[in-house]
Amino acid sequence: MEQYIRIGAEQEAKQAVKDAKFEAKRAIKKAKIELQKALRSADTEEEKASLTADYQKLVADSNAKIEEAIKAEEQLNAKIAEQLQHPVQYDSETKKVIRLVSTRRPKKAYQITGVEDVASKNNWKAWLYLAPVLVLLVVFLIYPLINTMFIAFTDNYLYAAGTYDGLTLKNFAVILGITSMSSGAKEIFFTQYAIPNTFIIVFITVPISTLLALIISVALNSLKWFQKFLQTVFFLPYVTNAIAVGMVFSVIFDVDGVINYIFGLDNYAWIYGADRSVAMIPLCIYIVWSSIPFKILVFLSGLQGIDKQYYQAAQIDSCSHMKVLWKITVPLLSPQILYIVITSFIGAFKEYTSIVGLFGGPGTFGDNGDPNMYTIVYYIYENLQENTSLAAAAAVFLFVIILIFTFFQMWISKKRVHY
């Protein structure tokens with residue numbers, strides 16, 4: 001009787017030996033920390049000598065376990081090497097022929113004594129469970145994306161009738177101000193306002209909000225009292241209506257608002273009638289304030305999953321708080337930071353509700369009524385009915401920009417993110 005086996009059993013035993021070595025070393029490290037704490041509280045020399053003797057005994061036992069694990073690992077390595085040299089062997093105890101098939105993971109289900117793994121035949125159940133989600137993805141994500149890309153290349157697309165005059169690349173040239181529209185007018189608002197405003201929002205609000213959220217999360221995680229209450233308070237902006245909050249900010253930054261009253265500014269225009277550079281200040285403050293709560297929630301979940309032993313070891317080495325933050329907390333939070341940065345960049349590129357809530361329109365009317373607070377998404381909504389082809393071209397342009405930034409961040413994360 002032949003029994004086909006892989007080398008996986010020896011590899012699993014080898015991993016178990018490594019785990020035993022790790023646990024022994026961990027026990028020594030933990031005992032050392034506890035000994036140092038106990039020595040500080042010991043009153044007499046006899047107590048200190050007794051504690052030291054117990055520690056030395058534990059170290060000796062752990063070292064013996066480590067030596068046994070090393071010997072077991074050497075035996076397993078020898079066994080694996082022997083199997084690789086002699087792929088067919090006879091086990092005298094079980095009276096079976098053992099044949100080594102491969103050291104690699106098999107692509108198909110492995111069979112033993114003619115019994116086939118039926119899990120591979122039940123894939124239809126997994127597809128059945130995924131079917132509702134896949135249908136929603138196709139209807140609300142894949143089809144609209146393909147349709148938008150198609151409309152972006154059509155000429156004079158009519159939104160209501162769904163008709164067009166052919167395919168063209170002119171729409172991208174129009175929104176970028178390279179060529180004129182069919183009416184003879186030139187589109188200048190997209191390159192003059194929409195693109196610069198969007199990039200200003202992205203590169204100002206994302207770093208500031210991420211850094212502030214990280215600092216607040218670390219502070220909240222270190223609190224012992226009122227932690228849950230403060231978490232709830234910081235999370236409130238996330239569940240508050242964005243338009244309503246924008247209206248509150250517009251009142252605060254009004255000519256007769258609280259900001260001018262506190263700083264003694266007489267009739268200084270922050271929003272209505274303000275220049276674009278000035279209006280960006282309350283806009284960025286509002287976006288940062290409204291985006292921080294979700295980041296705090298994600299960072300707190302990551303902080304609570306970090307092993308406390310790292311901080312205990314840093315405390316023994318008398319590391320400063322800043323060194324602990326940048327050498328322990330930030331590297332171990334790098335997966336959460338990557339997620340936050342990517343989603344924040346995507347959200348900032350799609351900023352729209354903050355403009356509507358704060359300004360009530362696409363501009364401050366301070367630059368001759370031009371839509372000086374345009375963003376790319378605001379431009380898309382403004383032209384969706386009348387100039388559908390231009391709106392679709394702007395949407396594709398935004399999609400490509402977000403895709404490039406996302407791939408760039410994923411490339412950076414290969415060297416900076418520690419899982």
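At what angle do helix H7 (residues 242-252) and helix H9 (residues 276-303) pack, and how many Å apart are their axes? In this predicted model, the two helices pack at an angle of about 140 degrees, and their axes lie 11 Å apart. An angle over 145 degrees would count as roughly antiparallel, and the value for this pair therefore makes H7 oblique to H9. The crossing in which H7 passes H9 is right-handed. On the side of H7, the contact is made by Ala242, Val245, Gly246 and Phe249, while H9 contributes Ile285, Tyr286 and Trp289. Sorted by class, the residues of this contact are six nonpolar and one polar, with no charged residues.

Ser389 counts as buried, because its relative accessibility is 5% and the cut-off for buried is under 20%. Leaving aside residues up to four places away in sequence, Ser389 touches Ile151, Ala152, Thr154, Asn156, Tyr157 and Asn171. With one of these, Tyr157, there is also a polar approach, in which a polar atom of the Ser389 side chain lies 3.3 Å from the backbone nitrogen of Tyr157.

The last stop is a loop, the one between helix H13 (353-359) and helix H14 (376-382), where Asn372 has its place. Is Asn372 buried or exposed? Its relative accessible area is 0%, so Asn372 is buried. The side chain of Asn372 reaches the backbone nitrogen of Thr364 at 2.9 Å.

Conventions: Residues are numbered from 1 along each chain as its sequence is written. This is a predicted model: local features need pLDDT of at least 70, side-chain atom pairs count only at pLDDT 80 or more; totals for chains, interfaces and linings use all residues. Side-chain values use heavy atoms; hydrogens and water are left out. Helices (H or I, at least four residues) and strands (E, at least two) are DSSP runs, numbered from the N terminus. Buried means under 20% relative accessible area, exposed over 50%, partly exposed in between (1.4 Å probe, protein chains only). A polar contact is a pair of N or O atoms within 3.5 Å; within protein, one must be able to donate a hydrogen and the other to accept it, and residues adjacent in sequence count only if both atoms are side-chain atoms. Axes are lines fitted to C-alpha atoms, for helices over the stretch in contact, and angles run from 0 to 180 degrees between N-to-C directions. Angles under 35 degrees count as roughly parallel, over 145 as roughly antiparallel, 65 to 115 as roughly perpendicular and the rest as oblique. A crossing is left-handed if the near helix is turned anticlockwise from the far one by less than a right angle, and right-handed if clockwise. Contact means heavy atoms within 4.5 Å. Ala, Val, Leu, Ile, Met, Phe, Trp, Tyr, Cys and Pro count as nonpolar, Asp, Glu, Lys and Arg as charged, and the others, Gly among them, as polar.
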